[in-house]
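Take a look at the sequence and the structure below.

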Amino acid sequence: MDKETLVSYIPLYRDALLLTLKIGWQGILFSFVIGLIGAAITHFKVKVLKTIVGIYIELFRNTPLLVQLFFIYFALPKVGVKITAEACGVLGLGLLGGAYMIETFRSGLESIPIIQTESSYSLGMSKLQTFWYIILPQAVSISVPGLLANVIFLLKETSVFSTISLMDLMFTAKDLIGMYAKTIECLFLLVVFYLIMLLPVSIIGALIERRLRYAGFGD
Amino acid sequence: MLDLGIDVLFKGTNFLRLLQGLWVSIEISLISVVISILLGMIVGVLMTMNNPILHVALKVYLEIVRIMPQMVLLFIVYFGTTRVFGLDLSAEASAIIVFCFWGTAEMGDLVRGSIKSISKVQFESAYALGMDKVQTYWYVISPQTFRRLVPLSINLITRMIKTTSLVMMIGIVEVLKVSQQIIEANRKISPNAAFGVFAVVFLLYFMVCWPISRLSNYLEKRWV
């Protein structure tokens with residue numbers, strides 16, 4: 001491996017990492033919002049909307065992100081919906097992630113035994129108070145491992161952004177290999193930068209998971 | 001009326017080519033799933049053993065798979081091995097290697113999870129009835145693990161199929177590549193082809209994965 005090449009490539013990879021993170025966190029935030037709203041809709045069994053959420057989940061869970069991105073980026077402009085590559089990345093990631101987040105939040109909400117709701121009613125709490133003070137904290141803490149797995153999954157999925165010509169890590173590596181044929185150095189940096197991005201998430205995630213494990217009282 | 005460009009698909013053998021492209025993805029994923037399930041069972045059983053060295057090694061393996069995007073692994077195997085070892089792997093072979101590497105870890109984790117989820121009482125009761133270790137595993141534990149595993153491994157198939165869309169990046173001509181070719185070839189006659197073709201690809205993927213994931217859900221509700 002050539003040290004000079006490595007050093008000269010680092011700034012390019014750093015920029016790519018920043019772009020990946022920027023789109024990544026916006027997309028993840030977007031997917032959280034979709035997840036919470038969607039889970040609330042299925043939890044409270046809102047008519048019509050519940051069916052729409054169901055169709056949305058099935059559609060986006062059963063197709064690859066690459067195909068979704070191609071559809072948003074190349075197909076939608078043909079019917080007049082034009083968005084930039086970056087917005088497309090955020091939208092695609094958010095929509096894919098949203099479908100997974102809804103499922104995670106929903107299974108968290110479902111896992112709270114009915115006796116919790118009944119007990120808080122009998123203590124005189126209202127429906128909203130019950131949801132906010134009793135159900136939600138427990139549901140979220142149960143969902144945390146699933147949510148973290150989703151976050152890592154989504155950050156990994158950002159690697160397909162290179163196909164819609166966003167200059168992310170994958171794009172940079174492919175571009176540099178194509179131009180200078182320093183394959184080993186490029187692949188090495190690619191792995192290192194993905195580790196820089198995902199290892200902290202994985203480690204901090206494990207710590208948070210341990211810290212938040214207060215819901216399963218009595219197991 | 002707005003031209004959606006779906007007519008392109010009915011010209012010549014275009015639709016057939018698209019389906020052939022889809023079959024390439026499905027073929028790669030089926031081969032990888034079968035190998036992953038077999039290897040995954042071994043890895044899963046190894047993980048339940050209390051060997052510290054084995055435990056650490058498998059932990060590292062799982063963490064690598066969990067953190068590295070499959071696309072990076074594909075690049076390493078396809079471009080890296082050629083460079084470092086002078087191996088000339090075909091794109092299909094590298095795709096299968098990568099998906100097996102990934103699938104084995106996923107499957108191994110599922111197997112470990114389902115063996116761990118069997119309560120200790122089952123083991124103790126079997127021993128109390130005078131069964132030996134092999135009998136206990138064969139007659140009591142494995143049928144229960146199997147029931148839990150079937151829906152999960154069916155689910156792995158859909159994830160495998162979805163991930164194989166990435167092989168386009170290392171030059172395998174699968175459904176997305178074919179659709180790009182069709183769109184390029186008809187750019188002049190049908191400028192809106194991108195919409196029709198990508199919409200159809202979207203639906204094709206959905207039609208393949210949706211029944212499989214329904215089956216997995218159904219079995220999970222019935223058996224677990």
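## Where the chains meet

Two residues are in contact if their C-beta atoms, placed from the backbone, lie within 7 Å. The model is predicted. The contact draws 30 residues from chain A and 31 residues from chain B.

Five helices of chain A each supply at least two residues of the side that touches chain B: α2 (49-61), α3 (65-75), α6 (127-157), α7 (169-180) and α8 (183-211). The largest share of that side comes from α8(A), with 10 residues. By class, the side of chain A that touches chain B has 22 nonpolar, 5 polar and 3 charged residues.

## Chain A as a whole

Chain A has 8 helices and 0 strands. Its C-alpha atoms fill a box of roughly 70 × 45 × 20 Å, taken along the principal axes.

Of the 219 residues in chain A, 38% are buried. Now take the contacts in chain A between residues at least 6 apart in sequence: 80% of them join residues at least 24 apart.

## Helix α8 of chain B

Helix α8 of chain B covers residues 193-223, 31 residues in total. From first C-alpha to last, α8(B) reaches 45 Å, close to the 45 Å expected at 1.5 Å a residue. Where does α8(B) bend? The bend, about 25 degrees, is at B:C209, and a proline, B:P211, follows within four residues.

B:C209 is also one of the buried residues of α8(B), which include B:F195, B:F198 and B:Y205. The buried residues of α8(B) pack against α1 (14-48), α6 (133-163) and α7 (175-185) of chain B, together with α3 of chain A.

Definitions and conventions: Residues are numbered from 1 along each chain as its sequence is written. Chains are lettered from A and ligands numbered from 1 in the order in which they are written. This is a predicted model: local features need pLDDT of at least 70, side-chain atom pairs count only at pLDDT 80 or more; totals for chains, interfaces and linings use all residues. Ala, Val, Leu, Ile, Met, Phe, Trp, Tyr, Cys and Pro count as nonpolar, Asp, Glu, Lys and Arg as charged, and the others, Gly among them, as polar. A residue is buried if 20 or more other C-beta atoms lie within 10 Å of its own, exposed if 12 or fewer, and partly exposed in between; C-beta atoms are placed from the backbone. The expected span of a helix is 1.5 Å times one less than its number of residues. The bend at a residue is the angle between axes fitted to the seven residues ending there and the seven starting there.
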